[in-house]
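Subject: Structure for you to look at

Hello,

Here is the structure I promised to pass on. Please open it alongside these notes.

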Amino acid sequence: MTKLTWLRKNLFNNWYNSLLTVLSLIFLFWVTKGILTWAITQAQWQVIQVNLHLFLVGRFPKTLYWRVWIILAIVTTLGVITWSVFTGFLISQKLSKLITPWISLVWLLSFPIILWLLGGGFGLESVSTNLWNGLLLTLLMATISIVLSFPIGVLLALGRTSNLPVVRWFSILYIEIIRGVPLIGLLFLAQFMLPLFLPTNLRLDRLLRGIAGLVLFSAAYMAENVRGGLQSIPRGQIEAAKALGFNTPLVVILIILPQALRAVIPVIFGQFIGLFKDTSLLSLVGLVELTGIARSILAQPQFLGRYAEVYIFIGFIYWVFCYSMSLASRKLEKQLSNNPSS
């Protein structure tokens, strides 16, 4: 079917569809022209150029930017290797099979190094967590929350389907209570109520309290997502595995979980994307992440009222990372469908 035939069949097949098409094109032209006119002649993009370092790393000391560059190099290198392994790009299949078992371990080992470079200590100048701002803080909080909430959510999902009444009812109670509380309420509880339950000589950092709120919230939703995958596994597979002599932990680890997680990959990544965007609520409890730093920038006298430019830029950053996670989800799903045994 040629493009002209497609246009005639779908957009100009009768008089009212033709009229709607023309009106829609006029409306789109009018909106696009208005946006471009504003972006080119009226918008003050200097607010982005002047404050780019604040958007990215906040008040992190400029003399220590070399640490951020090292962190970026580590994450970029591991990201490219991971992407190449899952997509087969630039890496042979033989090398991919050799690297795959070690990827998770290398990522895990790189995390303490990243925290050491950010916070200092052990020979490096210390940097207070109050100076971890902007996109740097957003990525850090989202990554830690995603990594911690996933295994907790899996355990809660398994607990909710357990035959042990105490484990099952504890999991159900936790999931239903947390899902009934808005995230912002949970973040306020983590910031202001959690310290009341701790010894007076133990003071948790605000970042840790923020992470606690995100993890507790996300784990409950992750549990329900994983439970949906668990329910999709035919009962006959479990009975067959037990008939072959597999005990319950082996049945769960080797048979049930791999299939259940594969079935809900889009939902799990959707949860990750939602959690990444939910980090914007941390600005309401005093953490200056990407949205919080925008408030500081908008308070600058020379950029008062430049809300559109600032929030368009922030929205673009969120879109880039969320779309990247969505793309990774599709690639992983495609890779697993092509290799069912992986």
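Predicted model: local features only at pLDDT ≥ 70, side-chain atom pairs only at ≥ 80, totals over all residues.

The interface. How much area do domain 1 and domain 2 bury between them? The figure is about 1,200 Å², and 81% of it falls on carbon and sulfur atoms. On the domain 1 side, Phe 60, Trp 132 and Lys 331 lose the most area to domain 2. Together these three account for 45% of what that side buries.

Contacts. Domain 1 puts 14 residues in contact with 14 residues of domain 2. Salt bridges between the two domains number zero. Polar contact across the interface comes down to one residue pair, with both residues at pLDDT 80 or more.

Which elements of domain 1 give two or more residues to the side that touches domain 2? They are α4 (52–57), α7 (134–160) and α15 (307–338). Of these, α15 gives the most, with five residues.

Composition. The side of domain 1 that touches domain 2 has nine nonpolar residues, three polar and two charged.

When you have the model open, start with Phe 60, Trp 132 and Lys 331, the residues of domain 1 that lose the most area to domain 2. Then turn to α15, with its five residues on that side.

Best wishes

Notes
Residues numbered from 1 in each chain as written. Heavy atoms only, no water. Contact = heavy atoms within 4.5 Å. Buried area = accessible area lost by both parts, 1.4 Å probe. Salt bridge = Lys/Arg side-chain N within 4 Å of Asp/Glu carboxyl O. Polar contact = N/O pair within 3.5 Å; in protein donor to acceptor, adjacent residues only side chain to side chain. Helix = DSSP H or I, 4+ residues; strand = E, 2+ residues; numbered from the N terminus. Nonpolar A, V, L, I, M, F, W, Y, C, P; charged D, E, K, R; others polar.
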